[in-house]
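Thanks, everyone. Let me put the structure up, and then I'll walk you through a few parts of it.

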Amino acid sequence: FGGFDYGKYLKSQRIHWVLSVKGAQGVEPLDSPIPWSARLLRWTDEARDGIGGLMDTLYDGPDAGYMKGLVAGIQDDLDPAQFDSFSRLGLTHVIAVSGMHFGVFAFILLKLFALLRLTRERALELTIAAMPVYMLLTGASPSAIRACIMGMIALYMARRDKLKDGLHLLSASLIAMLAWDPLLIENVSFQLSFVVTAGLLLFVPIATRLMPVLPPSLRAALAVAVTAQAASFPLSVYYFHQFHLLSLPANLVLVPFISFVVMPLGMASAALGAIWHPLGSFAAEAASWCNRLVDWTVNRLGEAGGMQTYWPQPSVQWVLAAYALLLATAEGLKRRMRAREERERWAERQASDAIPAFDARRRAAFVAAYAGTGPAGETTEPLLSAEPERAPPAERGRRIRLLFPLGAALAWIVWLVWGIQPAAFDRDAKVMFLDVGQGDSILIRTGEGRYG
């Protein structure tokens, strides 16, 4: 239960029948012409094979498979042991082509066009045109398609000086992808890509403001890492049933290093190697040295004892409750920060206000013109009264602000207990049949929690 369903996966790829033949003589090639759509994909596959072959000549051993996955999204030759090490620490998103790759790609192109003295408008137009090419060369995974659409829209709106916030771009790419293929909604990569991106757009500003004592660069990096972990955690547990407690520090340290050092070196090695092989070898050697440092760090963190946690299969309601709690917690934190800023502004205004509020009665006592008599001998009264003092905003909703942390903590504890499903709460007896390869195995669980 909760494992990989191959039949469901095939249906998501619109594959409903699987045929098998014995030997090559059972296959007969057709002489019909190749359709244009298939020709484009064939040219793309040939170009990817060329990139993979070039990377094989530039890198040795496991570095070749890793760099092909990092730069071109070719994961066929990735070392399984290396992939497992990255998977335990939640670092496989580095290898999957996503917005990070397209961001680095667009940055390199824009800097190159700037060196070539192209205008801003022409540089943006050429970068937009290069985005789909890079998407096809990296395999056109759901995360790559999402990043490509968002990048193209963002660059186009920047070209017209009408760039909006990222949620508009994310929503537009979501609508476009589901309109093209509604079955993508069941794709794990698709779900993680959109959920994590939405989490970064919604929660990073709040997380950054919660860390005021750190340097700006470290505060931003920590906010991104924490937000990405929080947004991906429910789906990761739902699909993969495990979470490493050192995943956050691993992502905080390794993702920026891989994104801004290793990946640019890998792209440079491929581009320079295509021009002149010895030139690409220098960048490849530097990237290989960085890979050894990354592998050493991943292995040391992965070997830490007691850090790997395993989770039972949760329900869909548990996942939805997690994101509802995230939104509610973010909204509560936003209101608390807004109220705190109002209190700080009120205190600063009170401290810096050297001029007292206008008091008409006090002014009337000293200025005779304000205390004259009317034509009928009646005493005149000042038309302006003293300005009433405004109450500080700290008094508004104080009880709610005090109860919010307690309520949020209690809700998250209940949610975690619900996900862990402690055996003490489970009184169901179960008989489970397991396929262990050489035969069948039966595991019996009693209502008291004993196994046999």
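I'll take confidence, then a helix pair, a hairpin and a salt bridge.

The protein averages a pLDDT of 82. Of the residues, 88% score at least 70. Where is confidence highest, and where is it lowest? Helix H7, residues 120-137, has the highest mean, at 92. Helix H15, residues 360-366, has the lowest, at 55.

Two stretches need a flag. Over residues 368-377, pLDDT stays under 50. The model has ten contacts there beyond four places in sequence. Residues 384-391 also stay under 50. For that stretch the model has twelve such contacts, again beyond four places in sequence. Where pLDDT is low, the predicted coordinates should not be read in detail.

Now the helices. Look at H8, residues 142-159, and H10, residues 188-209. They pack at an angle of about 40°, and their axes are 8 Å apart. That angle makes H8 oblique to H10. Who makes the contact? From H8, we have Pro 142, Ser 143, Arg 146 and Met 150. From H10, we have Ser 189, Phe 190, Ser 193, Phe 194 and Thr 197. By class, that contact has four nonpolar residues, four polar and one charged.

Next, the strands. E3, residues 430-435, pairs with E4, residues 440-445. The pairing is antiparallel, over six bridges. Met 432 sits opposite Leu 443 in E4. Four residues lie between the strands of this hairpin. Gly 437 there takes a positive phi near 95°.

Last, charges. How many salt bridges does the structure hold? Eight. One of them joins the side chains of Asp 181 and Arg 14, at 2.8 Å, N to O. Asp 181 is in the loop between H9 and H10, and Arg 14 is in the loop between H1 and H2, so the pair ties together parts 167 residues apart in sequence.

That's the tour. Questions, please.

Definitions and conventions
Residues numbered from 1 in each chain as written. Predicted model: local features only at pLDDT ≥ 70, side-chain atom pairs only at ≥ 80, totals over all residues. Heavy atoms only, no water. Axes fitted to C-alpha atoms, helices over the stretch in contact; angles between N-to-C directions. Helix = DSSP H or I, 4+ residues; strand = E, 2+ residues; numbered from the N terminus. Parallel < 35°, antiparallel > 145°, perpendicular 65-115°, else oblique. Contact = heavy atoms within 4.5 Å. Nonpolar A, V, L, I, M, F, W, Y, C, P; charged D, E, K, R; others polar. pLDDT = per-residue confidence, 0-100. Pairing = 2+ DSSP bridges. Salt bridge = Lys/Arg side-chain N within 4 Å of Asp/Glu carboxyl O.
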